[in-house]
Amino acid sequence: MTDRERTSPDSLAQAGAPAAISNRQTPVDRNAVQYLDRVRAIFRPTSSDTLAPGLAPFIGVEDIFRHVGTADIAPNGVQPMMQCPSHWPNGPTWVPIRDLEVLEILEDQDVRAG
């Protein structure tokens with residue numbers, strides 16, 4: 001194999017393919033997210049029946065959310081809630097954490113004991 005063949009775009013793409021697959025992060029356990037943590041997450045609602053108006057364009061979009069509290073969501077009971085980014089529609093301000101694929105916890109206000 002010549003140097004030119006080794007550095008062709010096709011050979012680079014083939015060599016990089018397994019690395020790209022192995023670099024895919026596994027989602028973070030939602031239970032690891034604590035009060036006031038920010039997370040980098042993808043919005044993936046579990047039910048389109050309860051989707052607030054205006055949120056459909058954000059399905060599958062990666063963004064930054066903040067854990068802000070809990071809410072009683074029938075029939076699922078009390079759920080941790082995440083604050084929607086400011087550029088989302090004015091109506092919905094919180095989404096349940098179960099609707100997010102958490103990729104990374106960005107702990108800017110860690111309030112954990114110990």
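**Reading an aromatic cluster**

Phe43, Phe58, Phe65 and Trp88 form one aromatic cluster.

User: What kind of model is this, and how are its residues numbered?

Analyst: This is a predicted model, in which local features need pLDDT of at least 70, side-chain atom pairs count only at pLDDT 80 or more, and totals for chains, interfaces and linings use all residues. Residues are numbered from 1 along each chain as its sequence is written, and side-chain values use heavy atoms, with hydrogens and water left out.

User: How is an aromatic pair described, and how many does a search of the whole structure find?

Analyst: A pair of aromatic rings is described by the distance of the centres and the angle of the planes. Rings of Phe, Tyr and Trp (its six-membered ring) pair if their centres lie within 6.5 Å, and planes under 30 degrees apart count as stacked, over 60 as edge-to-face and the rest as tilted. The search of the whole structure finds 3 aromatic pairs; among them, phenylalanine 58 and tryptophan 88 are stacked, at 4.6 Å centre to centre with 20 degrees between the planes.

User: Is tryptophan 88 buried or exposed, and which ring does it meet edge-to-face?

Analyst: Buried means under 20% relative accessible area, exposed over 50%, and partly exposed in between (1.4 Å probe, protein chains only). Tryptophan 88 is buried, with a relative accessible area of 3%. The rings of tryptophan 88 and phenylalanine 65 have centres 5.4 Å apart and planes at 90 degrees, so this pair is edge-to-face.

User: Which side chain has a polar contact with tryptophan 88?

Analyst: A polar contact is a pair of N or O atoms within 3.5 Å; within protein, one must be able to donate a hydrogen and the other to accept it, and residues adjacent in sequence count only if both atoms are side-chain atoms. Here the side chains of tryptophan 88 and aspartate 63 are joined by such a contact of 3.4 Å.
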